[in-house]
Amino acid sequence: MISATRVYAENPDWNQDRSTGSVTFANTQGWRDTLQTIVDLNKAGCFQAGAQGSGFDAITNGLSRGTALAGFIPGGSAKELMSAAPDQKMVVQAFPPAQGGKTFTLGGSNYSLSVNAASTKKKAIQDFLDWLAQPQNAKRYAEISGAIPVSGLESVDLAGSAYQPVEPLLRSGSYAPLPTTVWPNESVADAISSGVQGLLTGQNTIDQVLAKMDAAWDQ
């Protein structure tokens, strides 16, 4: 989420450039700024005690109980959290840019449906997926799940919804795909995940985390 304004706002094609080798994590100032922001937030006391060892449940419990102000979680979780805690109002917001930076966000499908390669009913399943992808059906699925439809966004009214704060960004195309969904392997995501944990405990430096991400990309 932080990398949206530090990396992708400046270069929406950063992932493609990394694939060609014209950039790396280590030589991209935006990625250094992203990790430095995490260090700064930690030093400022913005994370709950024990954040370095906490799981997703600690974030959602904090939000639903009103003991946390915000969390880095999928936007679709807002509806689930409000269903669990009707007294809490949740909104989806982009992480603030650095001073003078451009407001930008990330978007991606948190959940997906797929066809098993060994299935003997592939045509029927594909027909169902094609039906579900039609704008009116995608819209209905989004209403039920609390997400944004994968198609037909131009006909969706986000006013009053949890997504209203980011609606201008979505309408203007000021977003990039969620990086971990397009990176070449899961090891890159693991490297930043464990690396950030190390930053919070003081066991890793920013240089070490970036080097591990580059190594994971190239493996």
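**A chat about a predicted fold**

Trainee: What is the mean pLDDT of the chain?
Mentor: The mean pLDDT is 91, and 99% of the residues reach 70 or more.

Trainee: And which elements have the lowest and highest mean pLDDT?
Mentor: Helix α7, residues 135–145, has the lowest at 84, while α10 has the highest at 98.

Trainee: Let's go inside. How much of the chain is buried?
Mentor: Buried residues make up 35% of the 219. In soluble globular proteins, nonpolar side chains tend to be buried together. Here the largest nonpolar core has 30 residues.

Trainee: Which of those touch the most other members?
Mentor: Those are Y8, F25, W31, L35, W183 and M213. As for elements, α1 (2–8), α3 (29–43), α9 (186–201) and α10 (206–218) each give two or more residues to this core. There is also a second, separate core of 12 residues, and L63, A162, Y163 and L170 are among them.

Trainee: Back to Y8. What does Y8 touch?
Mentor: Not counting residues up to four places away in sequence, Y8 touches S3, W14, N15, W31, F104, L106, A176, P179 and W183.

Trainee: I see N15 in there. Is N15 buried or exposed?
Mentor: N15 counts as buried because its relative accessibility is 11%, under the 20% cut-off. You'll find N15 in helix α2, residues 14–20. Leaving aside neighbours within four places, N15 is in contact with Y8, P179, V182, W183 and W217.

Trainee: Those partners have much higher numbers, some of them. What share of contacts join residues at least 24 apart?
Mentor: Among contacts between residues at least 6 apart in sequence, 58% join residues at least 24 apart.

Trainee: New topic: how many salt bridges does the count come to?
Mentor: The count comes to 6. Side chains of opposite charge can pair when their charged atoms come close. Take D214 and R18: their side chains meet in a salt bridge, 3.1 Å from N to O. D214 sits in helix α10 and R18 in helix α2, 196 residues apart, so to speak from distant parts of the chain.

Trainee: Are D214 and R18 buried or exposed?
Mentor: D214 is buried, with a relative accessible area of 9%, and R18 counts as buried too, at 4%.

Trainee: Which other residue meets R18 in a salt bridge?
Mentor: D218, at 3.2 Å from N to O. This pair also links helix α2 with helix α10, with R18 and D218 200 residues apart. D218 is exposed, though, with a relative accessible area of 53%.

Trainee: What about R32, which residue is its salt-bridge partner?
Mentor: R32 pairs with D207, and the closest N and O atoms are 2.5 Å apart. R32 belongs to helix α3 and D207 to helix α10, 175 residues apart. R32 counts as partly exposed at 26%, and D207 counts as partly exposed at 47%. As for networks, shared partners join R18, D214 and D218 into one.

Trainee: Last one: how many aromatic pairs are there?
Mentor: There are 11. In one of them, the rings of W14 and W217 have centres 6.4 Å apart and planes at 85 degrees, so the pair is edge-to-face. W14 lies in helix α2 and W217 in helix α10, so this pair ties together parts 203 residues apart in sequence. Both W14 and W217 are buried.

Trainee: And F25 with W217, why is that pair edge-to-face?
Mentor: Because the planes are at 65 degrees, with the ring centres 6.0 Å apart; over 60 degrees counts as edge-to-face. F25 is in the loop between α2 and α3, 192 residues from W217 in helix α10.

Trainee: Which residues form the aromatic cluster?
Mentor: Y8, W14, F25, W31, W183 and W217 form one cluster.

Methods. Residues numbered from 1 in each chain as written. Predicted model: local features only at pLDDT ≥ 70, side-chain atom pairs only at ≥ 80, totals over all residues. Heavy atoms only, no water. Core = buried A, V, L, I, M, F, W, Y, C linked by side-chain atoms within 4.5 Å. Buried < 20%, exposed > 50% of the residue type's maximum accessible area, 1.4 Å probe, protein only. Helix = DSSP H or I, 4+ residues; strand = E, 2+ residues; numbered from the N terminus. Contact = heavy atoms within 4.5 Å. pLDDT = per-residue confidence, 0-100. Salt bridge = Lys/Arg side-chain N within 4 Å of Asp/Glu carboxyl O. Phe/Tyr/Trp six-rings, centres within 6.5 Å; stacked < 30°, edge-to-face > 60°.
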